[in-house]
Amino acid sequence: MSRGPLLFKDIDTPGLRSIDTYRKGGGYETLATFGQTSADQVIEVVKASGLRGRGGAGFPTGLKWSFVPKASPKARYIVCNADESEPGTFKDRELMEKNPHLLLEGMILAGYAIGSSLGYIYLRGEFEYIQQIIDKAIAEARAAGLLGENVAGSGYRFDLHTHLGAGAYICGEETALLSSLEGYRGQPRLKPPFPAVEGLYASPTVVNNVETLMNVPYILRHGAHHFRWDDPLFHDRLSARIIVVRDCEDQCRAIIQRDELLLRGQTKRTLSNDVPAMVRNNRGSQNFRGPRRRGIDQNGDGILPNNLFGLG
Ligand SMILES: Cc1cc2nc3c(=O)[nH]c(=O)nc-3n(C[C@H](O)[C@H](O)[C@H](O)COP(=O)(O)O)c2cc1C
């Protein structure tokens, strides 16, 4: 287990943008399993990994994919949200700039899982230089037979296109993004219907953040269990942190302390001795009140009840 950064670990490898360097590090190997792994199996692995969307809402990725109706006669789309307009955020930009093939591999896997044969990468208007990097990567992947009529010789058809927005913050919201992608003004749509049922061109669509999609190849390569424990953000715990920060500093400090111990490779048993009793015993501080009380880490394992997520 790596217990360190996953996506940024090899980010400064010289030449990583090129398909040859990417493949030398095991890139695109997951596509060779298409023959043996069904779309449903891919969804199950991603569900089991606990991966949650990195676009803000923290919605479970595998679950989102499973909402796409299997029987729909309409085309299905996978859309990557590369708008990243939140002031001060730059993770997606850095990842795409340096490791574009990882995004492509993640999108191919996501497309396969939901039965899509076409995907779009929606970039904010200012990311024109990144569009050029990604377009080059797409061309390389097509030339290598990893995109197109017969992905990696599996018989699966899938292609990708980039699209540049006009630089409006609201276009990061998934339904506004879809309107913008269709050529309309980027204004949010009412939900339901949710994009999984009626998204791009009123067809089933999954919208996922860049970082979310980039985690998928790792999950398929190493297995759901590894991701659960290797994920440096400790996805569940990160969400726990965000919720707790809003309400109670003490609990937040305790959870961060435990995460740090975990990252240093301590065992769970050691941790349970180190985590302040307040959290272990489910006793919130005096200031911790109101409906968010549900946010207390009830089992002392850093994982909050699922119904607490959906912050975005
Ligand atoms: C106003 C607003 C702006 C948003 N901006 C972004 C953004 O820039 N990038 C992003 O990935 N998600 C953004 N989101 C969240 C998306 O609507 C959507 O939940 C996300 O792309 C889903 O991807 P995920 O499941 O992988 O997290 C924004 C949401 C709102 C309400």
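Reader: Where is the place of Pro192?
Author: This is a predicted model: local features need pLDDT of at least 70, side-chain atom pairs count only at pLDDT 80 or more, and totals for chains, interfaces and linings use all residues. Residues are numbered from 1 along each chain as its sequence is written. Helices (H or I, at least four residues) and strands (E, at least two) are DSSP runs, numbered from the N terminus. On that numbering, Pro192 sits in the loop between α7 (174-181) and β4 (205-209).

Reader: What is omega for the cis peptide bond between Lys191 and Pro192?
Author: Lys191 and Pro192 are joined by a cis peptide bond. Its omega is about -10°.

Reader: Is Glu84 buried or exposed?
Author: Glu84 lies in the loop between β1 (77-82) and α4 (91-98). Its phi is positive, near 35°, and it is not a glycine. A residue is buried if 20 or more other C-beta atoms, placed from the backbone, lie within 10 Å of its own, exposed if 12 or fewer, and partly exposed in between. Glu84 has 23 C-beta neighbours inside 10 Å, so it counts as buried.

Reader: Is Tyr201 buried or exposed?
Author: Tyr201 is in the loop between α7 and β4. Its phi is positive too, near 50°, in a residue other than glycine. Tyr201 has 12 C-beta neighbours inside 10 Å, so it counts as exposed.

Reader: How are α5 and α8 oriented to each other?
Author: The axes of α5 (residues 100-114) and α8 (residues 210-222) come within 7 Å and cross at roughly 75°. Axes are lines fitted to C-alpha atoms, for helices over the stretch in contact, with angles from 0 to 180 degrees between N-to-C directions. Under 35 degrees counts as roughly parallel, over 145 as roughly antiparallel, 65 to 115 as roughly perpendicular and the rest as oblique. The two helices, α5 and α8, are therefore roughly perpendicular.

Reader: How many nonpolar residues does the contact of α5 with α8 have?
Author: Residues are in contact if their C-beta atoms, placed from the backbone, lie within 7 Å. Among those making it are Leu102, Leu103 and Met107 of α5 and Leu213, Met214 and Leu220 of α8. Ala, Val, Leu, Ile, Met, Phe, Trp, Tyr, Cys and Pro count as nonpolar, Asp, Glu, Lys and Arg as charged, and the others, Gly among them, as polar. The contact has 1 charged and 1 polar residue, and its nonpolar count is 11.

Reader: Which strands do the buried residues of α7 pack against?
Author: 7 of the 8 residues of α7 are buried, so it is largely enclosed by the rest of the structure. Those buried are Glu174, Thr175, Ala176, Leu177, Leu178, Ser180 and Leu181. They pack against β1, β2 (118-123), β3 (159-164) and β4.

Reader: Which residues of β1 point the other way from Tyr77, Val79 and Asn81?
Author: In a regular strand the side chains alternate between the two faces of the sheet. In β1, 6 of the 6 residues are buried. Opposite Tyr77, Val79 and Asn81 point Ile78, Cys80 and Ala82.

Reader: Which residue in β4 is the bridge partner of Cys80?
Author: Strands pair if DSSP finds at least two bridges between them. β1 runs parallel to β2 with 6 bridges, and Asn81 partners Tyr122 there. β1 also pairs with β4 in the parallel sense, over 5 bridges. In β4, Cys80 is partnered by Asn208.

Conventions
Two residues are in contact if their C-beta atoms, placed from the backbone, lie within 7 Å.
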